Amino acid sequence: MSDKPIIIEDETPKAQSPFSEAWGMFRRNHAALVALFVLAVIVFMAIFGPLLYPTDPFEMVWAPFSPPGQEGFLLGTDYLGRDLLAMVINGAKVSLLIGLAAALVSIFIGVSIGALAGFYRGWVEELLMRITEFFQVLPTLLFSMVIVALFGASLPMITLAIGIVSWTAVARITRSEFLRIRELEYVMAARACGVSNTRLMFGVILPNALPPIIVQSALMVGSAILFEAGLSFLGLTDPNVVSWGQIIGSNRQYILDASYTVTIPGVAIFITVLAISLVGDGLNDALNPKLRQR
Amino acid sequence: MALLEVENLRIELTTRDGTAPVIDDLSFTLEAEETLSFVGESGCGKSMTALALMGLLPEGIGRVAGGHIRFNGEELTTATPARLREIRGNDISMIFQEPMTSLNPVFTVGEQIAEVLRAHQGLSRSAAWDQAVELLDAVRIPNPKGRAGDYPFQMSGGQRQRAMIAIALACQPKILIADEPTTALDVTVQAQIFDLLRDLRRQTGTSIIMITHDMGAVAEMAERMIVMYAGRQAEIGPVEQIIDHARHPYTQGLISCVPHIQAVLTDDRPNLVEVPGIVPSLREFGKDQCLFASRCAHVTQTCLDARPPQKAFSAGQIADCWHAEAF
């Protein structure tokens, strides 16, 4: 028997803030953790890649269709003899930027419409939800093609076109959250304190409605990147910037002779979108209280 | 002039079965620094009265169909939404039944109090925070500096109700409406909350309207009480006098069903009795008869034929019962 007294550590457990609690849940999803790392690498490449590998993606540097690994070109050259590695690196920036910006546009539209519909109910809700349904049944790719074809294939217009066709899911999620939360007691308590409607919507209800909106937004960045790839594959893109979809589109005639010119940017898109989806899944674990018990 | 005057208030709810008067011809006054208590079972219109005073009747369902609410002489039933919003918080505040759910879960308690202070008193961020800490101290939360940074889920039920009271007091209201403030709390915490409310009233001179179904709470807190039944006033008067000699059989029922711990049943304290039956459904509200008749032991034909008149007794005690003199 040891004669040392047992010391009970007097340590009041410090409760976690919601943020650190969410991070704790996120960390338990290993796939999401790996995906977050991959995503960080891709973002790093998009920002600093052009500085570290300063080859001009539009310049003809070598003979066309040089397979990967030959003559010092890691990923080979495309049908015009341009360096594919430089193109993939430079394309990352555009793909990510458009994905992010388009997601922001659709969040802005979706949250505004969903919040107004869920908060005010009545004819406002009726009108806004009919508009939402109208946008929901439009064939999205066709509609965005029409917008880009009409107003020109500049990056802002492509971003806007993608945002305009994909906000409906956010609007519906936001509305349903608002419908649920507006009836809760703390909203009534805030009303009883004389809080104005605008503050109720954006200062009281919206912060509580955020978790599902954040998850949906993360997934939307992925689908927006896919959307952009689809549009630029069809040639609806700014010819003066490189994006992954555009590389695939411009090389598609040579898919049988030099499949790597199409495969490599395709893999880049695949990895990025998969990483974003997995991170979104991790966010869902972290922010959805119903899954906390697992 | 009384601080708050309610005159012949009638509130109608529109339901699938049609329109029903959930508050039918209710009149009362509230003086400054007075505590008035509303008593009655669930569904008698107590909370509706509170919501009507705040201008927070459920939109599209409830409406003021008649009568007046005057606050400091100002008519509230016809006030604009903007004016009502100004009065809410600044002049009339409310604390709710469920301390577990009436705080916003994503902000710290200190932030929520400071938010109200900033909105109503125009304080700067840091001044509002300092005052929020002071308010938490005033409602006797230990270590207020540290606890101000806590989220609601980190607090116990009693502490949350204290925090709610701090928010309600942040605007220094003239009237504090407490809608069953202790129903969700255990007995010792109840006593602490009552102590706190009493002290705060003494310090700030706030009038309190307390809504409850607990006769013990009424006896402890209020000077005057209104017993509500099925949307109507059953009895009104000074608390001590009513508890001593209730003139309405419903009040008598409510009083006799408060348990007292006693080993031996004596003549003074007979068996614990209940009020048989339940509150009539909304469809029955507004009928020209005594609505309590179906549950009353003393019912006669008169009770079923016409609505009972208000019979006044000494010291402002009024009972709405045909046989009030007999009790």
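1. In helix 3 (residues 84-120) of chain A, the residues that meet helix 7 of chain A include A:Ser106, A:Ile107, A:Gly110, A:Val111 and A:Gly114. From helix 7, the partners include A:Val170, A:Ala171, A:Ile173, A:Thr174 and A:Phe178. Contact here means that two C-beta atoms, placed from the backbone, lie within 7 Å. By class, this contact divides into eleven nonpolar, five polar and two charged residues; Ala, Val, Leu, Ile, Met, Phe, Trp, Tyr, Cys and Pro count as nonpolar, Asp, Glu, Lys and Arg as charged, and the others, Gly among them, as polar.

2. A word on the source: this is a predicted model, in which local features need pLDDT of at least 70 and side-chain atom pairs count only at pLDDT 80 or more, while totals for chains, interfaces and linings use all residues. Residues are numbered from 1 along each chain as its sequence is written, and chains are lettered from A and ligands numbered from 1 in the order in which they are written. Helices (H or I, at least four residues) and strands (E, at least two) are DSSP runs, numbered from the N terminus.

3. How do helix 3 and helix 7 (residues 168-181) of chain A cross? Their axes come within 7 Å, at an angle of roughly 35°. Axes are lines fitted to C-alpha atoms, for helices over the stretch in contact, with angles from 0 to 180 degrees between N-to-C directions. The crossing is right-handed; that is, the near helix is turned clockwise from the far one by less than a right angle, anticlockwise being left-handed.

4. Helix 3 of chain A also packs on helix 2 (residues 30-52) of chain A, where the axes come within 8 Å and cross at roughly 120°. The two are therefore oblique to each other (under 35 degrees is roughly parallel, over 145 roughly antiparallel, 65 to 115 roughly perpendicular, the rest oblique). This crossing is left-handed. Helix 2 contributes A:Ile42, A:Val43, A:Met45, A:Ala46, A:Gly49 and A:Pro50, and helix 3 contributes A:Ile89, A:Asn90, A:Ala92, A:Lys93 and A:Leu96. Eight of these residues are nonpolar, two polar and one charged.

5. Helix 8 (residues 185-192) and helix 9 (residues 197-233) of chain A have axes that come within 11 Å and cross at roughly 140°. Their crossing is right-handed. A:Val187, A:Ala190 and A:Arg191 of helix 8 make the contact with A:Leu200, A:Val204 and A:Ile205 of helix 9.

6. Turning to the interface, 21 residues of chain B are in contact with 15 residues of chain A. On the chain B side, helix 2 (81-90) and strand 6 (92-95) each give two or more residues, and helix 2 of chain B gives the largest share, five. That side has ten nonpolar, seven polar and four charged residues.

7. Chain B has eleven helices and twelve strands. Its radius of gyration, taken over C-alpha atoms, is 21 Å, close to the 20 Å of the globule rule (2.2 Å times the number of residues to the power 0.38), so chain B is as compact as a globular protein of 327 residues. Of its residues, 44% count as buried (20 or more other C-beta atoms within 10 Å; exposed means 12 or fewer, partly exposed in between).

8. Is B:Gly73 buried or exposed? With 9 C-beta neighbours inside 10 Å, B:Gly73 counts as exposed.
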